[in-house]
Amino acid sequence: RTSTNTPLPTLTATPTLAIVARGSFTLNLEKKVDLDSGKLVTDATADLTLQGKPPAAPQLTPINGSVIALMGMQAPTLADCKAAALRNDPLILKADMAGAYVCYRTSQALPGIALLKTIDLKEPKVTLEFTTWAVP
């Protein structure tokens, strides 16, 4: 009887992206959020604020060196976000933008993605679901 050695399969490590912060929050007018922690803050750690009192359209405004880019309705990858033309211009929110994605780079230069879950133009407020990665 002959025995044959069956080689064991080689395991390839799939690099997983380290996540610094993930979650969701509702941003009301003049409030600020730190996307490195996901916490509503009042200091220089803030990355985004919501501005624009009615009747002006609310604007999602990057602050303290953060930058953003509207990416559309398909979830972008980290590579998409890194290649995007991120700007520090305010993003004027419209009702039909609910369900769209935004790429960002925080004040600590960390990349991330946010889904504009709900946009309330009357209140005004916006709910975002976000992920901030640990790779600059």
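**Figure 1. The disulfide of the predicted model.** One disulfide is counted, the criterion being a pair of cysteine sulfur atoms within 2.5 Å. Cys81 and Cys103 form this disulfide, with their sulfur atoms 1.9 Å apart. The torsion about the S-S bond is about -65°, so the disulfide is left-handed. Distant parts of the chain are linked by the pair: Cys81 belongs to helix α1 (residues 78-83) and Cys103 to strand β8, 22 residues apart. Helices (H or I, at least four residues) and strands (E, at least two) are DSSP runs, numbered from the N terminus. Both Cys81 and Cys103 are buried; buried means under 20% relative accessible area, exposed over 50%, and partly exposed in between (1.4 Å probe, protein chains only). The model is predicted, so that local features need pLDDT of at least 70 and side-chain atom pairs count only at pLDDT 80 or more, whereas totals for chains, interfaces and linings use all residues. Residues are numbered from 1 along each chain as its sequence is written, and side-chain values use heavy atoms, with hydrogens and water left out.

**Figure 2. The elements of the whole protein.** The secondary structure comes to one helix and 10 strands, in the order β-β-β-β-β-β-α-β-β-β-β from the N terminus on. Of the 136 residues, 39% count as buried.

**Figure 3. The nonpolar cores.** A nonpolar core is a set of buried Ala, Val, Leu, Ile, Met, Phe, Trp, Tyr and Cys residues joined through side-chain atoms within 4.5 Å. The largest core has 21 residues, and those with the most contacts inside it are Leu27, Leu60, Leu93, Leu116 and Val126. At least two residues of this core come from each of β1 (19-28), β4 (48-51), β8 (101-105), β9 (111-120) and β10 (125-133). A second, separate core of 11 residues includes Ala69, Ala84, Ile113 and Trp133. Leaving aside neighbours within four places in sequence, Leu27 is in contact with residues including Val33, Leu40, Leu48, Leu50, Leu60 and Val126, where contact means heavy atoms within 4.5 Å.

**Figure 4. The surroundings of Ser66.** Ser66 lies in the loop between β5 (59-62) and β6 (67-72), and is buried with a relative accessible area of 3%. The side chains of Ser66 and Asp47 are joined by a polar contact of 2.8 Å. A polar contact is a pair of N or O atoms within 3.5 Å; within protein, one must be able to donate a hydrogen and the other to accept it, and residues adjacent in sequence count only if both atoms are side-chain atoms. A polar atom of the Ser66 side chain also lies 3.2 Å from the backbone nitrogen of Ser107. Not counting residues up to four places away in sequence, Ser66 touches Asp47, Asn88, Arg105, Thr106 and Ser107.

**Figure 5. The five-stranded open sheet.** Five strands form an open sheet in the order β3-β2-β4-β5-β7, with antiparallel pairing. Two strands pair if DSSP finds at least two bridges between them. The edges are taken by β3 (39-41) and β7 (91-92), each with a single partner strand, so one side of each is left without a neighbour in the sheet. Two bridges join β5 to β7, which run antiparallel, and Gln59 stands opposite Ile92 in β7.

**Figure 6. The loop at Glu123.** Glu123 is placed in the loop between β9 and β10, and counts as exposed at 52% relative accessibility. Glu123 and Lys53 are 70 residues apart in sequence and 9.2 Å apart in space, C-alpha to C-alpha.
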